[in-house]
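Subject: Structure handover

Hello,

Here is the structure I promised to pass on. Please open it first, then read the notes below.

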Amino acid sequence: MTTTESRPAHVVQDRPEASAPPDDAQLAAARKKAHRRKNSKNWSLFLLFAGPNILLILAFIYYPLAMNMYFSSLDWRLGAPRADPVGLANYERFFTSPSGLEVWRVTGIFTAGAVLGSMILGLLIALVLNKKIPGRTFARTAVFSPYVLSGVGVALVWMFIFDPQRGALMFILDRFGIEAPQWFLDPDANLLMVIIVYVWKNLGYCAVVFLAGLQSIPKDLLESATIDRAGPVRRFFSIVLPLLTPTVFFLLVTNIIFSMTNAFDILRVMTPTGNGTNTIIFEIYLQSFGQFNRAGYSAAIAVVLFFTLFIITAVQLRFVERKVHYQ
Amino acid sequence: MSTTTTPPQPWADPKPARRAKRRSSPEWTKAFSPRNLADTMLTGYLPILIALIIIVLPLVWMVSSSFKPVNEIVTLTPQLLPQDATTENYVTVDRRIPLMTVLQNSVIVTSVGSIIKVLLAITTAYALVFIRVPGANLIFLGILVALMVPPEVSMLPNFMTIEALGGRNTLWGIILPGLGTAFGTFLLRQHFKSLPKELFEAAELDGAGHFRKLFQIAVPVSLPAISTVSLVTIVNEWNSFLWPLIITDSRDRMTLPVALNQLRSVEDQVSSYGILMAGAVLVIVPMLIIFAMLQRYIVSGLTQGAVK
């Protein structure tokens with residue numbers, strides 16, 4: 001056995017009070033000293049293990065956050081040598097100018113459509129997948145799969161489907177005698193189009209989370225309701241939905257956050273310059289790296305987005321805390 | 001229905017005949033009764049089938065179209081399967097973008113980025129759980145907040161940092177800003193906290209230091225959780241678009257999604273959709289295969305937090 005040799009010296013040194021029984025004052029002093037030494041030793045170990053990651057997070061997440069707040073007070077074009085301080089003018093512009101208000105409108109519609117669409121369809125699919133039928137594992141996997149696929153690839157596929165000249169959707173709508181909207185030209189049609197693609201990519205996530213929620217509902221509760229002659233609709237609204245509330249709330253919050261932050265690939269590929277699809281993240285990109293190079297304004301929007309997400313998350317954390325308390 | 005005239009009586013049996021029949025017949029015949037079959041079809045298979053068609057058909061369409069010659073793309077009578085399959089579209093993709101270089105870039109960025117991120121996540125999570133320092137919770141809170149910051153928010157200052165460091169159009173410039181990992185740290189911290197303390201106490205008595213405890217105990221018993229973090233990281237790195245789009249404009253340094261975005265702006269004719277579908281296949285199918293093989297880990301990682 002080599003354990004005694006390989007045992008580090010600190011194991012013994014850490015507990016000086018164990019070796020001899022000194023008086024109280026000595027003991028306290030020794031404890032303090034040992035504590036301090038252990039602390040500093042722990043700190044250096046901690047930094048060795050976690051330091052690189054913490055440094056990277058500071059350099060590429062927190063530092064940019066701070067810099068954005070500074071940039072947001074400048075009238076500054078990306079690449080320009082000069083920048084003039086303008087105070088809160090960039091924020092004022094984002095909250096009052098027609099183009100700024102348009103971003104809020106588009107973000108609102110996109111978020112509402114994306115969240116409601118994927119949650120309602122996700123719930124419906126989860127209800128079906130919750131039945132014990134053969135092949136449901138495969139169906140669950142298939143339904144979830146678009147969620148892990150490249151947004152760029154997905155956008156390309158759907159561009160072809162939506163194409164007003166040779167798109168599959170045009171042929172299908174034609175068959176039913178419906179005239180297809182002017183995809184890629186009409187701003188409203190564009191917004192509807194990117195919502196549909198986002199919902200397609202996202203609904204599997206909602207379905208799987210809902211399915212987990214459904215499976216945690218106690219079976220005996222549903223059985224006793226069935227014995228009491230409650231029909232499937234009644235069972236859904238009186239038992240399933242109330243017990244599903246935490247899941248619904250969780251999905252609502254995560255979906256709002258995701259739809260505000262994850263849709264960039266689809267928006268950029270399907271509508272490169274943002275014709276009617278300027279949601280807040282897309283606008284941040286377009287303003288600084290699009291044709292305008294308005295870096296100061298872009299930074300102000302980024303700061304607003306950060307605080308919006310911060311508030312949503314804080315509300316969620318509060319709710320979760322309360323739920324835990326009352327259970 | 002007569003519910004408007006007579007109050008509903010939930011205790012009265014509305015279908016005595018059916019009930020009696022069910023009681024009398026053996027269990028297995030019920031499963032094949034016409035009523036049950038119809039019920040399963042209408043409320044089970046039919047909706048699932050519709051859902052599967054909506055989810056799977058666009059992907060089938062993508063693969064099929066990528067093998068279609070131009071005249072089958074621009075046709076007014078499109079067929080689901082290519083009548084005269086060709087690999088011409090893939091050859092054209094390779095002609096428009098340096099495909100091998102771009103694929104290689106994507107593989108390097110994904111693998112190097114993922115390996116470093118997972119290692120950092122493991123060591124950070126271990127430190128947060130097992131190395132007692134005052135303020136560790138505060139540091140964890142800081143990491144949680146970082147988890148919330150979308151890449152669009154840090155994009156502009158990071159662009160300036162990396163540009164100043166000379167990282168434009170370099171692979172390290174693509175990899176570096178994304179290395180700080182909040183997601184993996186968060187997931188593995190939760191996992192490490194759930195490990196039984198006795199596991200580590202025995203090793204401590206043997207005089208094992210933190211390195212040995214990490215690599216000989218914590219990592220081996222946490223392989224499923226680490227696989228989850230790794231796979232989710234790989235998927236995200238492979239699909240990553242915004243940052244590589246900003247930091248590269250040289251074709252030899254682009255990752256696959258960025259190159260495909262460029263391909264889209266070059267090939268903007270109706271007849272080009274076959275080429276674009278070939279591009280989409282190249283970026284989508286690798287992840288589809290990985291997902292099909294290892295979906296258990298990926299789903300659990302991506303829905304973490306929802307399912308306790």
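How many helices and strands does the secondary structure of chain B come to? The count is 16 helices and 0 strands. Keep in mind that this is a predicted model.

**The two chains**

Chain B has 308 residues, and 39% of them are buried. In chain B, take the contacts between residues at least 6 apart in sequence: 74% of these join residues at least 24 apart.

Chain A has 14 helices and 2 strands. It runs to 327 residues, of which 37% count as buried. Here 67% of the contacts between residues at least 6 apart in sequence link residues at least 24 apart.

**Domains of chain A**

**Where the chains meet**

On the chain B side, 76 residues are in contact with 80 residues of chain A. Which elements of chain B give two or more residues to the side that touches chain A? They are these helices of chain B:

- H3 (34-66) and H6 (99-130)
- H7 (136-148) and H8 (151-164)
- H13 (223-239) and H14 (242-247)
- H15 (256-266) and H16 (273-302)

H16(B) gives the most, with 14 residues. What is the make-up of this side by class? It has 53 nonpolar residues, 19 polar ones and 4 charged ones.

**The nonpolar core**

The largest nonpolar core holds 153 residues. Five residues have the most contacts inside this core: Ala155(A), Val197(A), Ala207(A), Ile266(A) and Met270(A). Helix H9 of chain A, residues 187-215, gives the most to the core, with 16 residues. Both domains of chain A take part: the core draws at least three residues from domain 1 (6-60) and at least three from domain 2 (89-326).

Leave aside residues up to four places away in sequence. What does Ile266(A) then touch? The list is Gly151(A), Val154(A), Ala155(A), Val194(A), Val197(A) and Tyr198(A). Ala155(A) and Val197(A), both in that list, are also among the residues with the most contacts inside the core.

**To start with**

Find H16(B) on the side of chain B that touches chain A. Then go to helix H9 of chain A in the core. Finish at Ile266(A) and the residues it touches.

Best wishes

Methods
Residues numbered from 1 in each chain as written. Chains lettered and ligands numbered in written order. Predicted model: local features only at pLDDT ≥ 70, side-chain atom pairs only at ≥ 80, totals over all residues. Contact = placed C-beta atoms within 7 Å. Helix = DSSP H or I, 4+ residues; strand = E, 2+ residues; numbered from the N terminus. Nonpolar A, V, L, I, M, F, W, Y, C, P; charged D, E, K, R; others polar. Core = buried A, V, L, I, M, F, W, Y, C linked by C-beta atoms within 7 Å. Buried ≥ 20, exposed ≤ 12 C-beta atoms within 10 Å, placed from the backbone. Domains from an automatic or database assignment.
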